[in-house]
There are 2 protein chains.
Amino acid sequence: MKSQALHGHLDALLLSVLEGGALHGYAIIEALKSRSGGTLNLPTGTIYPALRRLERAGHVESEWSTVNGRERRTYRLTASGHRALAGERASWQELSSTVGRFLGTDTPPPATT
Amino acid sequence: MKSQALHGHLDALLLSVLEGGALHGYAIIEALKSRSGGTLNLPTGTIYPALRRLERAGHVESEWSTVNGRERRTYRLTASGHRALAGERASWQELSSTVGRFLGTDTPPPATT
DNA sequence: CTTCATAGGTAGTAAGGCTACCGATGTGGG
DNA sequence: CCCACATCGGTAGCCTTACTACCTATGAAG
């Protein structure tokens, strides 16, 4: 998939992987890759600036630690980040259902039965 | 909805409304508005440049006509536009299912069984 | 010692959509 | 008659976003 098609949803993806626990940048990339089945193979030049953006926005916090002599910056969601994620989810649903109406795909309610 | 969230799918939406028949710019805006239930209220500054982009790309053709003294530029899909729409649909499905995997919404396969 | 995986980062670019404008005509209200 | 509004088209400049292409450093493997 053309990763640039992510347009505006990168933040949501990052927040969603961090929802499962704090991770450092490199691990986030791996997580995205594996969870997407290899479809999302995002370069560091995409991830790191995005994380800094999220940090600036207060959605994540970072902490340095040294593991095996390697510096790691571990990111974790803030309360604001959790809220942002919820918002992103909502707007994704909206976008998805709106666009789906035109492109023939709809997002049927997950039927929480 | 924040319309800027459309990012990259505007073309697909335009192509899809034109799929139902040729329309002029203003009518396209109205069509998007009504089909989306009012969610998509796109300004002319978004639509017209997009249409020109599509025309430059050969996906639509335009024709001028005068109705009630008003100039209308009517756009219609070309063969290339139909193909492009199919492609857009496919990549939308891919994006939608990939992002959905992270944001909790999935686009369940239409079960072509 | 070189190469690879791990780990973090920056600079510059290109695309896309938005806001804010502008021009014109026909219709209807005051 | 004149003004406002809906219809119809369009452009200019801006901002955000993600990408490509780079750079740095360490530990392990060969």
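In what order do the three strands of the open sheet in chain B lie? The order is β1-β3-β2, with antiparallel pairing; strands are DSSP runs of E of at least two residues and helices are runs of H or I of at least four, both numbered from the N terminus, and two strands pair if DSSP finds at least two bridges between them. The model is predicted, so local features need pLDDT of at least 70 and side-chain atom pairs count only at pLDDT 80 or more, while totals for chains, interfaces and linings use all residues. Residues are numbered from 1 along each chain as its sequence is written, chains are lettered from A and ligands numbered from 1 in the order in which they are written, and side-chain values use heavy atoms, with hydrogens and water left out.

**Sheet of chain B**

- The edge strands are β1 and β2 of chain B, each of which pairs on one side only.
- Strand β1(B), residues 23-24, pairs with β3(B), residues 70-77, in the antiparallel sense over two bridges, and L23(B) stands opposite Y75(B) there.
- Strand β2(B), residues 60-67, runs antiparallel to β3(B) and is joined to it by eight bridges.
- In β3(B), R73(B) is the bridge partner of W64(B), and R76(B) is the bridge partner of E61(B).
- The hairpin of β2(B) and β3(B) has two residues between the strands, and N68(B) takes a positive phi near 55° in it.

**Hairpin of chain A**

- In chain A, eight bridges join the antiparallel strands β2 (residues 60-67) and β3 (residues 70-77).
- V67(A) has R70(A) as its bridge partner in β3(A).
- Two residues lie between the strands of this hairpin, where N68(A) takes a positive phi near 55°.

- The same surface serves both copies, since 100% of the contact residues of chain A recur in chain B (contact means heavy atoms within 4.5 Å).

**Interface**

- Chain A and chain B each give 34 residues to the contact.
- Between them the chains bury about 2,900 Å², 71% of it on carbon and sulfur atoms (accessible area, 1.4 Å probe, that two parts lose on being put together, summed over both).
- Five residue pairs are in polar contact between the chains, both residues at pLDDT 80 or more (N or O atoms within 3.5 Å; within protein, one must be able to donate a hydrogen and the other to accept it, and residues adjacent in sequence count only if both atoms are side-chain atoms).
- On the side of chain A that touches chain B, α1 (10-19), α2 (25-35) and α4 (79-103) of chain A each supply at least two residues.
- The largest share of that side, 14 residues, comes from α4(A).

**Salt bridges**

- Over all chains the structure holds 12 salt bridges (a side-chain nitrogen of Lys or Arg within 4 Å of a carboxyl oxygen of Asp or Glu).
- Across the interface of chain A and chain B the rule finds zero.
- The side chains of E19(A) and R89(A) form a salt bridge at 2.7 Å, N to O.
- E19(A) lies in helix α1 of chain A and R89(A) in helix α4 of chain A, so this pair ties together parts that are 70 residues apart in sequence.
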